[in-house]
Each structure stands twice: as structure tokens, then as C-alpha cells.
Amino acid sequence: MPEIDPILDLIAKSGSQVILGTGHLSPQEIMLLIHRAKTVGVKRILVTHASFQLVGLPVHLQREAVESGALIEHSYFAVGFKEHPTSI
């Protein structure tokens, strides 16, 4: 993903003043982004909407993201309804 390297470099150079948010990427894109960001020195990563249907990051990938140093954002709206496929 060389297209994002200039952006990741800016974030990495900021130290811990800037947080990289994953937005509404697919699970595969999220994991690729996390690994690339850590490689170039990004310190703070937030996986946004991890349990929301649009993103739907499986729990095992959420664990992997946390083990890589990312934080996971959960919202009640995404996990609070029983019919939601990723509800807990």
C-alpha cells in the first residue's frame, strides 16, 4: 500500500499527537493498514466501528489488532441489538 505511506509518515512523525483511525475499511484493509502503520512507526491506532455491520471486524481480528497495539472502538448501537451479526 505505497499510496498511503506519505500519510502514515506524517502521522508517525507527529509522535503521539495524531491518531490513525481506520474508518469504514473492510476487515482485510484494516489489518493491512495496522501492520503497515506499525512498520513505519505510527504509535496510536484506533479501529473505529469494529462491531458495526458495515465493518464487521471478527473478534479474532480485533484481538490481533489489540495485540498489534491498536485500540478498538465499540458502540452500543453496533453491539446492543441481538439481531446484529456481531452482537456480544
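This is a predicted model: local features need pLDDT of at least 70, side-chain atom pairs count only at pLDDT 80 or more; totals for chains, interfaces and linings use all residues.
User: Why is D5 called buried?

Analyst: Buried means under 20% relative accessible area. D5 has 16% relative accessibility, so D5 counts as buried.

User: Which residues of helix 1 are buried?

Analyst: In helix 1 (residues 5-13), these are D5, L8, I11 and A12. They cover an arc of only 120° around the axis, so they lie on the same side of helix 1. The buried residues pack against strand 1 (20-21) and helix 2.

User: What does the face turned away from the buried side of helix 1 carry?

Analyst: That face carries the exposed residues I7, L10 and K13.

User: What makes R36 and D5 a salt bridge?

Analyst: The cut-off is a side-chain nitrogen of Lys or Arg within 4 Å of a carboxyl oxygen of Asp or Glu. The side chains of R36 and D5 meet at 2.9 Å, N to O, so the pair meets the definition. R36 sits in helix 2 and D5 in helix 1, 31 residues apart, so the pair links distant parts of the chain. The structure holds 1 salt bridge.

User: How do you know which class L32 belongs to?

Analyst: L32, in helix 2 (residues 27-40), has 45% relative accessibility, so L32 counts as partly exposed.

Note on methods. Residues are numbered from 1 along each chain as its sequence is written. Side-chain values use heavy atoms; hydrogens and water are left out. Helices (H or I, at least four residues) and strands (E, at least two) are DSSP runs, numbered from the N terminus. Buried means under 20% relative accessible area, exposed over 50%, partly exposed in between (1.4 Å probe, protein chains only). The arc is that of the directions from the helix axis to the C-beta atoms. Contact means heavy atoms within 4.5 Å.
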